[in-house]
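Please read it with the chain open in a viewer.

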Amino acid sequence: MQKIIISICIVLFVSCSSLPESVGKDNEIIVISSPEDKPFVEMLLIDLFSHTIHTPQPELEFSLHYKNPWEIEKVKKYGNIIIASLDFPQDSTGDYLMQRILQTHKKEEALFVLGDLYAKNQVICGIHTLDAIAMENEINSNSEWILHEFREIIKTRMTLNIFKHGNNITLSKQVLKMFGYTLDLQPDYKIIKSDSLQHFIWMGRGFPYRWITIHKSEKNKYTQKDEAWDQLTIEFANLMPHIRIGNYMRSVARHQYGDKVAHIMRGVYEHDESESGGPFFVYIFETDSVNEVILVSGFVNNPGNEKLLLLKQLEIIANTLHKGDT
(Lines give C-alpha, C1' and ligand atoms only; values in the text may rest on other atoms or scores of the structure.)
Protein backbone atom coordinates (compact mmCIF):
# COMPACT_ATOMS: atom_id res chain seq x y z
CA MET A 1 0.00 0.00 0.00
CA GLN A 2 2.91 2.37 0.71
CA LYS A 3 3.99 2.17 -2.95
CA ILE A 4 0.48 3.05 -4.08
CA ILE A 5 0.34 6.13 -1.85
CA ILE A 6 3.78 7.29 -3.01
CA SER A 7 2.82 7.02 -6.68
CA ILE A 8 -0.35 9.02 -6.10
CA CYS A 9 1.62 11.76 -4.35
CA ILE A 10 4.05 12.00 -7.26
CA VAL A 11 1.23 12.48 -9.73
CA LEU A 12 -0.38 15.21 -7.68
CA PHE A 13 2.66 17.29 -6.91
CA VAL A 14 5.08 16.99 -9.82
CA SER A 15 4.40 19.87 -12.21
CA CYS A 16 5.64 20.37 -15.76
CA SER A 17 6.62 23.64 -17.37
CA SER A 18 4.89 22.63 -20.61
CA LEU A 19 2.00 20.22 -20.85
CA PRO A 20 2.04 17.35 -23.36
CA GLU A 21 -0.78 16.76 -25.81
CA SER A 22 -3.62 14.68 -24.41
CA VAL A 23 -3.87 11.09 -25.62
CA GLY A 24 -6.58 8.50 -26.23
CA LYS A 25 -9.56 8.35 -28.56
CA ASP A 26 -11.58 11.54 -28.53
CA ASN A 27 -14.70 9.92 -27.02
CA GLU A 28 -12.85 7.64 -24.58
CA ILE A 29 -13.36 8.44 -20.88
CA ILE A 30 -11.03 6.96 -18.26
CA VAL A 31 -12.91 6.37 -14.98
CA ILE A 32 -10.71 6.09 -11.89
CA SER A 33 -12.45 4.43 -8.97
CA SER A 34 -11.48 2.04 -6.19
CA PRO A 35 -12.51 -1.63 -6.47
CA GLU A 36 -14.89 -1.06 -3.55
CA ASP A 37 -16.63 1.90 -5.21
CA LYS A 38 -16.57 0.66 -8.79
CA PRO A 39 -19.83 -1.40 -8.78
CA PHE A 40 -21.82 1.66 -7.64
CA VAL A 41 -19.98 4.16 -9.86
CA GLU A 42 -20.24 1.94 -12.93
CA MET A 43 -24.00 1.53 -12.54
CA LEU A 44 -24.53 5.31 -12.37
CA LEU A 45 -22.18 6.24 -15.21
CA ILE A 46 -23.63 3.65 -17.58
CA ASP A 47 -26.93 5.52 -17.38
CA LEU A 48 -25.31 8.94 -17.73
CA PHE A 49 -23.29 8.05 -20.82
CA SER A 50 -25.89 5.84 -22.50
CA HIS A 51 -26.56 7.98 -25.61
CA THR A 52 -26.33 5.81 -28.72
CA ILE A 53 -26.14 6.71 -32.42
CA HIS A 54 -27.02 4.15 -35.11
CA THR A 55 -24.43 4.02 -37.89
CA PRO A 56 -26.41 1.70 -38.64
CA GLN A 57 -25.00 -0.51 -35.90
CA PRO A 58 -25.43 1.12 -32.48
CA GLU A 59 -22.37 3.05 -31.28
CA LEU A 60 -22.16 4.67 -27.86
CA GLU A 61 -21.31 8.37 -27.93
CA PHE A 62 -18.80 7.80 -25.10
CA SER A 63 -16.61 4.79 -24.33
CA LEU A 64 -15.87 4.22 -20.63
CA HIS A 65 -12.75 2.41 -19.39
CA TYR A 66 -12.21 1.78 -15.68
CA LYS A 67 -8.88 2.02 -13.88
CA ASN A 68 -7.76 1.67 -10.27
CA PRO A 69 -6.48 4.70 -8.32
CA TRP A 70 -2.91 3.35 -8.28
CA GLU A 71 -2.94 3.26 -12.10
CA ILE A 72 -3.36 7.03 -12.43
CA GLU A 73 0.26 7.51 -13.52
CA LYS A 74 -0.43 5.39 -16.62
CA VAL A 75 -3.58 7.26 -17.67
CA LYS A 76 -3.12 10.83 -16.41
CA LYS A 77 -2.47 12.22 -19.93
CA TYR A 78 -5.77 11.00 -21.37
CA GLY A 79 -8.09 13.73 -22.59
CA ASN A 80 -11.19 12.70 -20.63
CA ILE A 81 -10.95 11.50 -17.04
CA ILE A 82 -13.49 10.96 -14.27
CA ILE A 83 -12.30 10.41 -10.71
CA ALA A 84 -15.17 9.10 -8.58
CA SER A 85 -15.08 8.36 -4.87
CA LEU A 86 -17.63 7.36 -2.23
CA ASP A 87 -16.93 7.81 1.49
CA PHE A 88 -18.98 4.67 2.11
CA PRO A 89 -17.90 1.99 1.47
CA GLN A 90 -14.53 3.06 2.86
CA ASP A 91 -11.32 2.19 1.05
CA SER A 92 -7.67 3.17 1.28
CA THR A 93 -6.97 4.04 -2.36
CA GLY A 94 -9.83 5.96 -3.97
CA ASP A 95 -10.58 7.90 -0.77
CA TYR A 96 -6.93 8.86 -0.39
CA LEU A 97 -6.58 9.99 -3.99
CA MET A 98 -9.73 12.10 -3.78
CA GLN A 99 -8.66 13.75 -0.52
CA ARG A 100 -5.30 14.72 -1.99
CA ILE A 101 -7.00 16.23 -5.05
CA LEU A 102 -9.50 18.16 -2.92
CA GLN A 103 -6.74 19.56 -0.71
CA THR A 104 -4.30 20.35 -3.52
CA HIS A 105 -6.85 22.14 -5.68
CA LYS A 106 -8.90 23.58 -2.81
CA LYS A 107 -12.15 21.96 -3.91
CA GLU A 108 -15.12 21.54 -1.59
CA GLU A 109 -17.86 20.77 -4.10
CA ALA A 110 -19.21 17.27 -4.56
CA LEU A 111 -18.84 17.72 -8.32
CA PHE A 112 -16.06 19.73 -9.96
CA VAL A 113 -14.01 19.99 -13.15
CA LEU A 114 -10.28 20.58 -13.59
CA GLY A 115 -8.98 21.59 -17.00
CA ASP A 116 -5.54 20.96 -18.53
CA LEU A 117 -4.14 19.44 -15.34
CA TYR A 118 -1.79 16.86 -16.84
CA ALA A 119 -2.23 17.48 -20.60
CA LYS A 120 -3.47 20.05 -23.08
CA ASN A 121 -7.19 20.17 -23.86
CA GLN A 122 -7.95 17.80 -21.01
CA VAL A 123 -10.95 17.69 -18.71
CA ILE A 124 -10.93 15.90 -15.37
CA CYS A 125 -14.29 15.55 -13.64
CA GLY A 126 -14.26 14.78 -9.93
CA ILE A 127 -17.30 13.33 -8.15
CA HIS A 128 -17.06 12.87 -4.38
CA THR A 129 -20.11 12.03 -2.27
CA LEU A 130 -21.06 10.28 0.96
CA ASP A 131 -22.56 7.21 -0.68
CA ALA A 132 -24.11 5.86 -3.87
CA ILE A 133 -27.49 7.50 -3.25
CA ALA A 134 -25.87 10.92 -2.86
CA MET A 135 -23.81 10.35 -6.01
CA GLU A 136 -26.92 9.37 -7.96
CA ASN A 137 -28.64 12.59 -6.89
CA GLU A 138 -25.57 14.66 -7.78
CA ILE A 139 -25.29 13.11 -11.23
CA ASN A 140 -29.01 13.36 -11.97
CA SER A 141 -29.06 17.03 -10.98
CA ASN A 142 -26.05 17.88 -13.14
CA SER A 143 -26.24 15.36 -15.99
CA GLU A 144 -26.58 17.95 -18.78
CA TRP A 145 -23.71 20.00 -17.41
CA ILE A 146 -21.42 16.95 -17.16
CA LEU A 147 -22.24 15.85 -20.71
CA HIS A 148 -21.74 19.41 -21.97
CA GLU A 149 -18.25 19.62 -20.42
CA PHE A 150 -17.11 16.42 -22.12
CA ARG A 151 -18.77 17.22 -25.44
CA GLU A 152 -17.15 20.66 -25.57
CA ILE A 153 -13.62 19.45 -24.84
CA ILE A 154 -14.04 16.64 -27.39
CA LYS A 155 -15.21 19.19 -29.95
CA THR A 156 -12.21 21.40 -29.18
CA ARG A 157 -9.71 18.56 -29.63
CA MET A 158 -11.38 17.29 -32.79
CA THR A 159 -11.47 20.78 -34.32
CA LEU A 160 -7.76 21.29 -33.67
CA ASN A 161 -6.99 17.91 -35.22
CA ILE A 162 -9.25 18.45 -38.24
CA PHE A 163 -7.59 21.72 -39.21
CA LYS A 164 -4.02 20.99 -38.03
CA HIS A 165 -2.83 21.10 -41.65
CA GLY A 166 -4.72 24.27 -42.48
CA ASN A 167 -7.80 25.04 -44.56
CA ASN A 168 -8.76 24.52 -48.19
CA ILE A 169 -9.16 28.21 -49.01
CA THR A 170 -9.63 27.61 -52.75
CA LEU A 171 -12.53 25.21 -52.25
CA SER A 172 -14.12 27.42 -49.59
CA LYS A 173 -14.09 30.31 -52.07
CA GLN A 174 -15.85 28.15 -54.65
CA VAL A 175 -18.56 27.34 -52.14
CA LEU A 176 -18.86 31.02 -51.24
CA LYS A 177 -19.26 32.01 -54.88
CA MET A 178 -22.13 29.57 -55.34
CA PHE A 179 -24.04 30.11 -52.09
CA GLY A 180 -22.95 33.39 -50.54
CA TYR A 181 -22.10 31.20 -47.54
CA THR A 182 -19.12 28.89 -47.07
CA LEU A 183 -17.52 26.23 -44.86
CA ASP A 184 -14.09 25.66 -43.37
CA LEU A 185 -12.73 22.59 -45.17
CA GLN A 186 -9.66 20.40 -44.83
CA PRO A 187 -6.97 20.68 -47.52
CA ASP A 188 -7.63 17.20 -48.96
CA TYR A 189 -11.33 17.77 -49.75
CA LYS A 190 -12.12 17.75 -53.45
CA ILE A 191 -15.23 18.42 -55.53
CA ILE A 192 -17.09 15.29 -56.60
CA LYS A 193 -20.00 17.05 -58.30
CA SER A 194 -20.99 20.69 -58.74
CA ASP A 195 -24.14 22.17 -60.29
CA SER A 196 -24.47 25.95 -60.08
CA LEU A 197 -27.95 25.92 -61.68
CA GLN A 198 -29.34 23.74 -58.89
CA HIS A 199 -27.14 25.35 -56.22
CA PHE A 200 -25.57 22.04 -55.31
CA ILE A 201 -22.02 20.97 -54.51
CA TRP A 202 -20.72 17.56 -53.37
CA MET A 203 -17.26 17.36 -51.81
CA GLY A 204 -15.34 14.45 -50.34
CA ARG A 205 -12.09 12.98 -49.16
CA GLY A 206 -10.42 9.54 -49.35
CA PHE A 207 -10.91 6.34 -47.42
CA PRO A 208 -12.62 6.07 -45.06
CA TYR A 209 -14.92 8.07 -47.28
CA ARG A 210 -16.45 11.25 -45.89
CA TRP A 211 -18.72 13.33 -48.08
CA ILE A 212 -20.22 16.77 -47.54
CA THR A 213 -22.98 18.20 -49.72
CA ILE A 214 -24.53 21.65 -49.74
CA HIS A 215 -27.71 22.68 -51.50
CA LYS A 216 -30.45 25.28 -51.21
CA SER A 217 -34.14 24.62 -50.75
CA GLU A 218 -37.37 26.30 -49.69
CA LYS A 219 -37.89 26.78 -45.97
CA ASN A 220 -41.62 26.01 -46.06
CA LYS A 221 -40.84 22.50 -47.34
CA TYR A 222 -38.93 21.69 -44.15
CA THR A 223 -41.28 22.93 -41.43
CA GLN A 224 -43.08 19.61 -40.84
CA LYS A 225 -41.16 16.43 -40.01
CA ASP A 226 -42.90 13.98 -42.36
CA GLU A 227 -42.99 16.46 -45.22
CA ALA A 228 -39.32 17.27 -44.64
CA TRP A 229 -38.31 13.62 -45.06
CA ASP A 230 -40.39 13.33 -48.22
CA GLN A 231 -38.83 16.49 -49.63
CA LEU A 232 -35.29 15.45 -48.71
CA THR A 233 -35.81 12.08 -50.41
CA ILE A 234 -36.93 13.85 -53.59
CA GLU A 235 -34.03 16.30 -53.56
CA PHE A 236 -31.38 13.65 -52.89
CA ALA A 237 -32.80 11.46 -55.69
CA ASN A 238 -32.48 14.41 -58.05
CA LEU A 239 -29.06 15.63 -56.94
CA MET A 240 -27.44 12.29 -56.07
CA PRO A 241 -29.31 9.48 -57.83
CA HIS A 242 -26.96 6.77 -56.53
CA ILE A 243 -27.70 7.63 -52.88
CA ARG A 244 -30.93 6.38 -51.35
CA ILE A 245 -32.26 7.32 -47.91
CA GLY A 246 -33.36 4.43 -45.71
CA ASN A 247 -36.80 4.40 -44.11
CA TYR A 248 -35.50 3.31 -40.70
CA MET A 249 -33.43 4.86 -37.89
CA ARG A 250 -34.63 8.34 -38.79
CA SER A 251 -34.58 11.13 -36.24
CA VAL A 252 -34.96 14.90 -36.09
CA ALA A 253 -33.42 17.14 -33.42
CA ARG A 254 -32.81 20.82 -32.73
CA HIS A 255 -29.38 22.43 -32.60
CA GLN A 256 -28.53 25.87 -31.23
CA TYR A 257 -26.01 27.88 -33.25
CA GLY A 258 -25.47 31.46 -32.17
CA ASP A 259 -28.86 33.03 -31.58
CA LYS A 260 -30.58 30.72 -34.07
CA VAL A 261 -31.83 27.14 -34.11
CA ALA A 262 -31.07 24.61 -36.83
CA HIS A 263 -32.90 21.34 -37.30
CA ILE A 264 -30.86 18.17 -37.76
CA MET A 265 -32.15 15.17 -39.68
CA ARG A 266 -30.32 11.88 -39.12
CA GLY A 267 -30.62 8.49 -40.75
CA VAL A 268 -28.84 5.86 -42.81
CA TYR A 269 -28.31 5.72 -46.55
CA GLU A 270 -27.37 3.21 -49.25
CA HIS A 271 -24.88 3.92 -52.03
CA ASP A 272 -25.57 1.89 -55.16
CA GLU A 273 -22.13 2.25 -56.76
CA SER A 274 -20.23 0.90 -53.75
CA GLU A 275 -23.03 -1.47 -52.66
CA SER A 276 -22.62 -0.13 -49.14
CA GLY A 277 -23.84 2.73 -47.03
CA GLY A 278 -23.70 4.26 -43.59
CA PRO A 279 -24.96 7.12 -41.43
CA PHE A 280 -25.78 10.61 -42.63
CA PHE A 281 -27.02 13.90 -41.19
CA VAL A 282 -28.54 17.05 -42.63
CA TYR A 283 -28.23 20.42 -40.90
CA ILE A 284 -30.93 22.84 -42.05
CA PHE A 285 -29.69 26.43 -41.74
CA GLU A 286 -31.84 29.48 -42.34
CA THR A 287 -30.43 32.28 -44.50
CA ASP A 288 -31.13 36.00 -44.77
CA SER A 289 -33.45 35.33 -47.70
CA VAL A 290 -37.17 34.79 -47.19
CA ASN A 291 -38.27 31.17 -47.46
CA GLU A 292 -34.73 29.87 -48.11
CA VAL A 293 -32.61 27.34 -46.26
CA ILE A 294 -29.18 25.86 -46.87
CA LEU A 295 -28.86 22.14 -46.22
CA VAL A 296 -25.42 20.89 -45.23
CA SER A 297 -25.27 17.09 -45.29
CA GLY A 298 -22.58 14.66 -44.19
CA PHE A 299 -22.16 11.01 -45.21
CA VAL A 300 -19.75 8.41 -43.81
CA ASN A 301 -18.81 5.23 -45.68
CA ASN A 302 -16.54 2.91 -43.68
CA PRO A 303 -17.96 -0.64 -43.94
CA GLY A 304 -17.31 -2.92 -40.99
CA ASN A 305 -15.65 -0.21 -38.88
CA GLU A 306 -16.67 2.41 -36.35
CA LYS A 307 -18.16 5.52 -37.89
CA LEU A 308 -19.25 7.71 -34.99
CA LEU A 309 -16.10 9.83 -34.69
CA LEU A 310 -15.94 10.28 -38.47
CA LEU A 311 -19.53 11.51 -38.36
CA LYS A 312 -18.66 13.96 -35.58
CA GLN A 313 -15.80 15.32 -37.68
CA LEU A 314 -18.23 16.09 -40.48
CA GLU A 315 -20.65 17.75 -38.06
CA ILE A 316 -17.89 20.04 -36.82
CA ILE A 317 -17.21 21.07 -40.43
CA ALA A 318 -20.94 21.54 -41.11
CA ASN A 319 -21.18 23.91 -38.16
CA THR A 320 -18.53 26.21 -39.60
CA LEU A 321 -21.10 27.48 -42.14
CA HIS A 322 -20.88 31.25 -42.24
CA LYS A 323 -21.74 34.12 -44.52
CA GLY A 324 -19.23 36.30 -46.34
CA ASP A 325 -15.48 35.99 -46.73
CA THR A 326 -13.63 32.75 -46.14
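**Notes on the predicted model**

1. By class, the residues lining the largest pocket divide into 14 nonpolar, ten polar and ten charged. Here Ala, Val, Leu, Ile, Met, Phe, Trp, Tyr, Cys and Pro count as nonpolar, Asp, Glu, Lys and Arg as charged, and the others, Gly among them, as polar.

2. **Basis.** This is a predicted model; local features need pLDDT of at least 70, side-chain atom pairs count only at pLDDT 80 or more, and totals for chains, interfaces and linings use all residues. Residues are numbered from 1 along each chain as its sequence is written, and side-chain values use heavy atoms, with hydrogens and water left out.

3. The largest pocket has a volume of about 990 Å³. Of its 34 lining residues, His255, Arg266, Tyr283, Lys312 and Glu315 are the closest to the centre. A pocket is an open set of points on a 1 Å grid over the protein atoms alone, where a 1.4 Å probe fits, with protein on both sides within 12 Å along at least five of seven lines; lining residues have an atom within 4 Å of a point. Grid points are joined across faces, edges and corners, and the volume is the space filled by probe spheres set on the points.

4. **Who builds the pocket.** β2 (52-54), α6 (143-162), β13 (251-257), β14 (260-271), β15 and α9 (308-318) each give at least two residues to the lining of the largest pocket. The largest share, seven residues, comes from α6. Helices (H or I, at least four residues) and strands (E, at least two) are DSSP runs, numbered from the N terminus.

5. **Strand β16.** Is this strand mostly covered or mostly open? Mostly covered: nine of the nine residues in β16 (residues 293-301) are buried. Buried means under 20% relative accessible area, exposed over 50%, partly exposed in between (1.4 Å probe, protein chains only). One side carries Val293, Leu295, Ser297, Phe299 and Asn301, and the other Ile294, Val296, Gly298 and Val300.

6. **Partners of β16.** Strand β11 (residues 209-217) runs antiparallel to β16, joined by nine bridges. Threonine 213 has serine 297 as its bridge partner in β16. Strand β15 (residues 276-286) also pairs with β16 in the antiparallel sense, over seven bridges. There, tyrosine 283 stands opposite valine 296. Two strands pair if DSSP finds at least two bridges between them.

7. **The β15-β16 turn.** These two strands form a hairpin with six residues between them. Asparagine 291 lies in that loop. Its phi is positive, about 55 degrees, although it is not a glycine. Asparagine 291 is partly exposed, with a relative accessible area of 31%.

8. **Aromatic pairs.** The whole structure holds twelve aromatic pairs. Phenylalanine 236 and phenylalanine 280 have ring centres 6.2 Å apart and planes at 65 degrees, so they are edge-to-face. Phenylalanine 280 is buried, at 1% relative accessible area. Phenylalanine 281 and tyrosine 283 are also edge-to-face, with centres 5.3 Å apart and planes at 90 degrees. Both of these residues are buried. Rings of Phe, Tyr and Trp (its six-membered ring) pair if their centres lie within 6.5 Å; planes under 30 degrees apart count as stacked, over 60 as edge-to-face and the rest as tilted.

9. **Aromatic cluster.** Trp202, Trp211, Trp229, Phe236, Tyr269, Phe280 and Phe299 form one cluster.

10. **Five-stranded sheet.** An open sheet has the order β4-β1-β5-β7-β6, with mixed pairing. β4 (63-67) and β6 (111-115) stand at the edges with a single partner strand each, so one side of each has no neighbour in the sheet. β6 runs antiparallel to strand β7 (residues 123-129), joined by five bridges. Phenylalanine 112 stands opposite glycine 126 in β7.

11. **Backbone points to check.** Most residues other than glycine have a negative phi, and most peptide bonds are trans. The bond from threonine 55 to proline 56 is cis, with omega near 0 degrees. The bond from phenylalanine 88 to proline 89 is cis too, with omega near 5 degrees. Aspartate 116 is not a glycine, yet has a positive phi of about 50 degrees. Aspartate 116 sits in the loop between β6 and β7.
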